[in-house]
Amino acid sequence: MFLGQFLFVLVILFFIYRLWRNFLNKSINKVQFIEWLVFWLIALGIVIWPETTSFLARVLGIGRGADLIIYLALFLIFYFIFSFTRRLKIIEKNITKIVQQMALDDYKKKSFKEKED
Amino acid sequence: MTSNKTLKIFAVVPAYNEEKKIGQVIEGLKKYISDIIVVNDGSLDKTAQIAKEKGAVLVSHCFNLGLGAALRTGFCLALEKGADIILTFDADGQHNPDDLEKVITPILKGQADVVIGTRLKGKGNMPLSRKIISFLASLFTYIFYGKWVSDSQSGLRAFKRQALEKIKLSSQKMEVSSEIIGQIKKHNLCLKEVPISGIYTSYSLSKGQKLFSGSVRIVWDVLISKLFKI
């Protein structure tokens, strides 16, 4: 194993350790934990056995293993952008509902107070 | 307006940082309508204070949410207050209050469920950039929602209560105007367009949508809301 590979393995093991800690702290749910674990295990496999990407690239007709990694990385980036945008929209929608309800409640409180006065 | 005596007509005015015009807009509306709801959408200036002083019903968002959210809050309050006809009116002074009668009359006569005032067919000095934005927005509205309206982004509209109760909006920002058209089509509501005059000053032009960013923003927001169905 080359020094570079060894460093990558250490970094990935550190991320898996952080992932495990987040799961134990309940910062992430089971599905998210499995998603990320699969991702890091694939990354670990690619670092330890880089020739597997060449084999997969040949099977998929892409050519080089390095190209396959770039395509996969692009696909993952798009997936995460899509996923984050969706989550952001849901959060935005929930915040909007809260602010609207607060505004209407505040109006009702004020008009009730004015009537009492 | 004679109809005011029998029917409750409410105007919903979404406003964000409109201290320069909001007073004038409320004064203009008061000539025809007594129930005016100003939705202060997180303004950082004196918009809320002026609206209150002028006698409008004021409901305030604690921070800026966007046109769509402001309209939904206003609609919700107007329906709660028992409105029979609900109008929307821009706070930047680009609409002429004398046009109110034109948008209300088709509803009173039972000729429409929703009326949209179209600035393209009426008198006024609508700049070319605005005409382009309006056309592009209407085109995209047609592509995404399947209904052609000549001025889909017009802020002067009138809704019959029963129609507004059916319309379910979820848009946050400017794309709400297109979503309204989509809902009109979805619920098979009778829509009528009437010509209105637009008042374009350097102020109202500076407040409105920009040619490129405005059009792109509307298209992007419509795409996102269609894609995620949120």
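Two residues are taken to be in contact if their C-beta atoms, placed from the backbone, lie within 7 Å. The model described here is predicted.

By this criterion, α3(A) meets α4(A) through A:Thr53, A:Ser54, A:Leu56, A:Ala57 and A:Leu60 on the side of α3(A), and through A:Gly65, A:Asp67, A:Leu68 and A:Ile69 on the side of α4(A). By class, this contact comprises five nonpolar, three polar and one charged residues. Helix α3 of chain A covers residues 51-60 and helix α4 of chain A covers residues 65-116. The two helices pack at an angle of about 80°, and their axes are 7 Å apart. Because angles of 65 to 115 degrees count as roughly perpendicular, α3(A) and α4(A) are assigned to that class.

Between the chains, 13 residues of chain A are in contact with 15 residues of chain B. The side of chain A that touches chain B consists of six nonpolar, three polar and four charged residues.

B:Thr73 has contacts in both chains. This residue belongs to helix α3 of chain B, which spans residues 67-80. Neighbours within four places in sequence being left aside, B:Thr73 is in contact with A:Gln100, A:Ala103 and A:Leu104 of chain A, and with B:Val39, B:Val59 and B:His61 of chain B. B:Val59, one of these partners, is 14 residues from B:Thr73 in sequence, and the C-alpha atoms of the pair are 8.2 Å apart. B:Thr73 has 27 C-beta neighbours inside 10 Å and therefore counts as buried, the threshold for that class being 20 or more.

Backbone geometry was also examined for residues with positive phi. Most residues other than glycine have a negative phi. A:Lys26, which is not a glycine, has a positive phi of about 65°. A:Lys26 is located in the loop of chain A that runs between α1 (3-24) and α2 (30-48). Since 7 other C-beta atoms lie within 10 Å, A:Lys26 is exposed; the limit for this class is 12 or fewer.

In chain B, a positive phi is found at B:Asn17, where the value is near 50°. B:Asn17 is likewise placed in a loop, here between β1 (9-15) and α1 (22-30) of chain B. B:Asn17 counts as partly exposed because 18 C-beta neighbours are inside 10 Å, and that class lies between the limits for exposed and buried residues.

Key
Residues are numbered from 1 along each chain as its sequence is written. Chains are lettered from A and ligands numbered from 1 in the order in which they are written. This is a predicted model: local features need pLDDT of at least 70, side-chain atom pairs count only at pLDDT 80 or more; totals for chains, interfaces and linings use all residues. Helices (H or I, at least four residues) and strands (E, at least two) are DSSP runs, numbered from the N terminus. Axes are lines fitted to C-alpha atoms, for helices over the stretch in contact, and angles run from 0 to 180 degrees between N-to-C directions. Angles under 35 degrees count as roughly parallel, over 145 as roughly antiparallel, 65 to 115 as roughly perpendicular and the rest as oblique. Ala, Val, Leu, Ile, Met, Phe, Trp, Tyr, Cys and Pro count as nonpolar, Asp, Glu, Lys and Arg as charged, and the others, Gly among them, as polar.
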